[in-house]
Amino acid sequence: MKETGLILRDLTWRVSCVPEDNELAKLALPDVTLCAVTSINYELTVRAMRRCLEQCSFADVVLIAGQPVDAPFRVEVVPPFRGIDYAPLVCRTLTHYTSSAYNLLVQYDGYIVDTSAWTDAFYDYDFIGAKWPWHIEGRRVGNSGFCLRSKKLLDIMAEMPLPNAGEFFDDTYFCHTVRAPLEKNHGIKFATEAVADEFAYERHRPEAPTFGFHGMFNFWRHVDDASMEQICGQLDDLYVTWRPYAEILFYYYDARKFPVFSTWYRRIRQRIGKDQMQAHLLQYVKDAAFVAGLVDCGERLVATDTV
């Protein structure tokens with residue numbers, strides 16, 4: 001297979017999927033509240049939370065949403081908010097929806113995938129999330145798209161000074177900007193990289209099954225092809241022009257999984273137009289031949305609709 005420099009290169013390695021009708025005994029997490037905060041992709045957020053509930057029981061389950069949502073658990077409706085408002089909303093209010101000792105925060109593109117990877121040693125830390133490989137050693141933990149936070153940390157973040165909305169991300173703020181004072185003044189413990197690797201992954205290749213993951217660009221490891229075609233139609237238009245969408249397109253083209261690729265190609269083509277496809281995709285992979293081949297393949301599949 002030709003190397004293109006993409007993040008998702010190993011097409012033979014795959015984490016075992018948990019089937020939709022999973023009947024395995026649930027893992028009991030009586031000290032954890034399952035939570036999500038969102039103003040986008042409501043249907044997929046509910047799906048992610050349901051996947052967690054298929055495998056675990058929690059002290060409480062709550063979706064904090066910018067509009068009413070049909071869900072089989074508690075939904076707290078807050079005034080509609082923008083993406084830049086997400087970080088301050090999470091920092092300031094998450095503690096008020098968490099009466100248990102810990103909060104498992106998920107998003108529409110990440111959830112629990114393997115309960116056998118759970119260990120109560122996770123409770124020894126105030127924050128665990130997937131590591132960021134590009135940061136310096138000792139500061140790579142971590143991502144908040146699928147993360148475990150202690151009530152202690154939530155209470156502190158609710159009272160700490162915060163930058164203005166749009167000037168920070170919640171995870172980079174407390175894992176980097178104010179990590180030192182959190183550790184020194186409040187005794188907050190961030191998970192080690194080794195522990196984070198057992199808990200979740202995002203932008204690195206996991207060496208073993210993890211409790212959860214984050215990133216739709218990792219769905220190929222956990223979602224069957226038929227479901228991936230359905231998920232494409234459930235995404236908000238805003239997501240279609242983002243980098244993760246392009247990475248999904250790259251993977252399914254490279255893997256020659258043309259039914260899924262065709263579905264995702266048609267969606268982005270409708271959004272940005274045929275003439276903009278190559279320029280748009282070249283923002284995310286610097287391989288003109290690869291992108292040209294992808295677009296040519298996509299156009300030929302589109303042409304079959306008109307025959």
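Q: Are Phe199 and Phe211 buried or exposed?

A: Buried means under 20% relative accessible area, exposed over 50%, and partly exposed in between, with a 1.4 Å probe and protein chains only. Both Phe199 and Phe211 are buried. This is a predicted model, in which local features need pLDDT of at least 70 and side-chain atom pairs count only at pLDDT 80 or more, while totals for chains, interfaces and linings use all residues. Residues are numbered from 1 along each chain as its sequence is written, and side-chain values use heavy atoms, with hydrogens and water left out.

Q: How many aromatic pairs does the structure hold?

A: Rings of Phe, Tyr and Trp (its six-membered ring) pair if their centres lie within 6.5 Å; planes under 30 degrees apart count as stacked, over 60 as edge-to-face and the rest as tilted. The structure holds 26 such aromatic pairs.

Q: Why is the pair of Tyr111 and Phe219 edge-to-face?

A: Because the planes stand at 70°, with ring centres 6.0 Å apart. Tyr111 is buried, at 1% relative accessible area, and Phe219 is buried at 0%.

Q: What kind of pair do Phe199 and Phe211 form?

A: A tilted one, with 5.9 Å centre to centre and 40° between the planes. Both rings also belong to one aromatic cluster, together with Tyr102, Trp118, Phe122, Tyr123 and Phe146.

Q: Which residue lies over the face of Phe217?

A: A charge sits over a ring if NZ of Lys or CZ of Arg is within 6 Å of the ring centre and within 35 degrees of the ring normal. Arg203 lies over Phe217, at 3.7 Å from the ring centre. Arg256 lies over the face of Tyr253, at 4.7 Å.
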